[in-house]
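I opened my notebook for a first look at this structure. Here are my entries, in the order in which I made them.

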Amino acid sequence: MERLMKTTSSEETFRLGERIGKRLQGGEVICLYGELGAGKTVLAKGMGQGLGVKEEITSPTFTLIQEYDIKDRQLQFIHMDLYRLQVLEEAEVIGVTDYFRDDCVCLLEWPEIITDLLPDDKIEIQLKGSGDLPRTILINTGDLELGL
Ligand SMILES: Nc1ncnc2c1ncn2[C@@H]1O[C@H](COP(=O)(O)OP(=O)(O)OP(=O)(O)O)[C@@H](O)[C@H]1O
Ligand SMILES: [Mg+2]
């Protein structure tokens with residue numbers, strides 16, 4: 001499934017994330033691509049909310065990995081930001097791929113460094129635009145039909 005969307009505010013991007021989040025079941029690996037300030041974290045926060053995360057979702061810029069329990073679903077929302085990693089081995093040391101399991105929804109900002117470790121059936125989302133400009137958001141779910 002491939003969809004091209006356009007958003008003109010961060011609220012709209014958040015709501016798109018929420019809609020996507022509501023469709024997720026667990027086991028998905030979602031890669032967010034786009035420059036600094038493109039809106040990856042805004043989209044991620046919406047997805048977490050759509051999945052049912054109750055706590056506040058904060059950017060994992062410094063922590064690299066943030067884990068959120070979704071209590072009534074026996075599911076975890078894993079939000080990563082790999083921007084600060086320099087080499088693939090660092091991702092292996094922090095155990096990035098350990099989260100690629102059925103009871104986790106994994107969302108990765110800046111996943112480029114671990115391209116070789118990503119599963120074939122990942123969801124890829126490309127955000128273009130920054131500042132006050134509208135964003136174009138290309139969603140590719142491969143064989144998965146999200147029904148967006
Ligand atoms: N249509 C839009 N969609 C998303 N964000 C928007 C939009 N218009 C303006 N913005 C603003 O752009 C910024 C996006 O920041 P955000 O932290 O989500 O970017 P990011 O892609 O995660 O960057 P980084 O690579 O630094 O993690 C926010 O300040 C947000 O308010
Ligand atoms: Mg971010």
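**Entry 1: threonine 13**

I started with threonine 13, which counts as buried because its relative accessibility is 4%. For the cut-offs, I use buried for under 20% relative accessible area, exposed for over 50%, and partly exposed for in between, with a 1.4 Å probe and protein chains only. I found threonine 13 in helix α1, residues 10–23. Leaving aside neighbours within four places in sequence, I listed Thr7, Gly39, Val42, Leu43 and Ile137 as the contacts of threonine 13. A contact here means heavy atoms within 4.5 Å.

**Entry 2: ground rules**

I noted that this is a predicted model, where local features need pLDDT of at least 70, side-chain atom pairs count only at pLDDT 80 or more, and totals for chains, interfaces and linings use all residues. Residues are numbered from 1 along each chain as its sequence is written, chains are lettered from A and ligands numbered from 1 in the order in which they are written, and side-chain values use heavy atoms, with hydrogens and water left out.

**Entry 3: the overall fold**

I looked up the elements and found three helices and seven strands in the protein. They run β-α-β-α-β-β-α-β-β-β, beginning at the N terminus. The radius of gyration is 14 Å, close to the 15 Å that the globule rule gives for 148 residues, so the protein is as compact as a globular protein of that length. That radius is taken over C-alpha atoms, and the rule is 2.2 Å times the number of residues to the power 0.38. Helices (H or I, at least four residues) and strands (E, at least two) are DSSP runs, numbered from the N terminus.

I also wrote down the box that the C-alpha atoms fill, roughly 40 × 35 × 30 Å along the principal axes. Of the 148 residues, 47% count as buried. Taking contacts between residues at least 6 apart in sequence, I found that 65% join residues at least 24 apart. The protein exposes about 7900 Å², and carbon and sulfur atoms supply 46% of that area. Such areas come from the Shrake-Rupley method with a 1.4 Å probe; for residues, only the protein chains shown count as cover.

**Entry 4: the magnesium ion**

Which residues coordinate the magnesium ion (ligand 2)? I found Thr41, through OG1, and Glu109, through OE, at 2.0 to 2.2 Å. This pair links distant parts of the chain, 68 residues apart: threonine 41 sits in helix α2 (residues 40–51) and glutamate 109 in strand β5 (residues 104–109). Both threonine 41 and glutamate 109 are buried. Donors are N, O and S atoms within 2.8 Å of the metal (3.2 Å for Na, K and Ca); water is not among the atoms, so sites may look incomplete.

**Entry 5: the cysteines**

How many disulfides does a search of the whole structure find? My note says zero. A disulfide is a pair of cysteine sulfur atoms within 2.5 Å. For cysteine 31, the closest cysteine sulfur is in cysteine 106, at 9.6 Å, too far for a bond. For cysteine 104, the closest cysteine sulfur is also in cysteine 106, at 5.4 Å, again too far for a bond. Cysteine 31 is buried at a relative accessible area of 0%, and cysteine 104 is buried at 1%.

Is proline 111 buried or exposed? It counts as buried, because its relative accessibility is 0%. Not counting residues up to four places away in sequence, proline 111 touches Cys31, Leu32, Tyr33, Leu82 and Leu118.

Lysine 122 is in the loop as well, with β6 spanning 123–128.

Leucine 64 lies between α2 and β3 (65–70), in the loop. Its phi is near 70°, a positive value in a residue other than glycine. Leucine 64 counts as buried at 16% relative accessibility. I then turned to lysine 71, in the loop between β3 and β4 (75–81), which counts as exposed at 68% relative accessibility.
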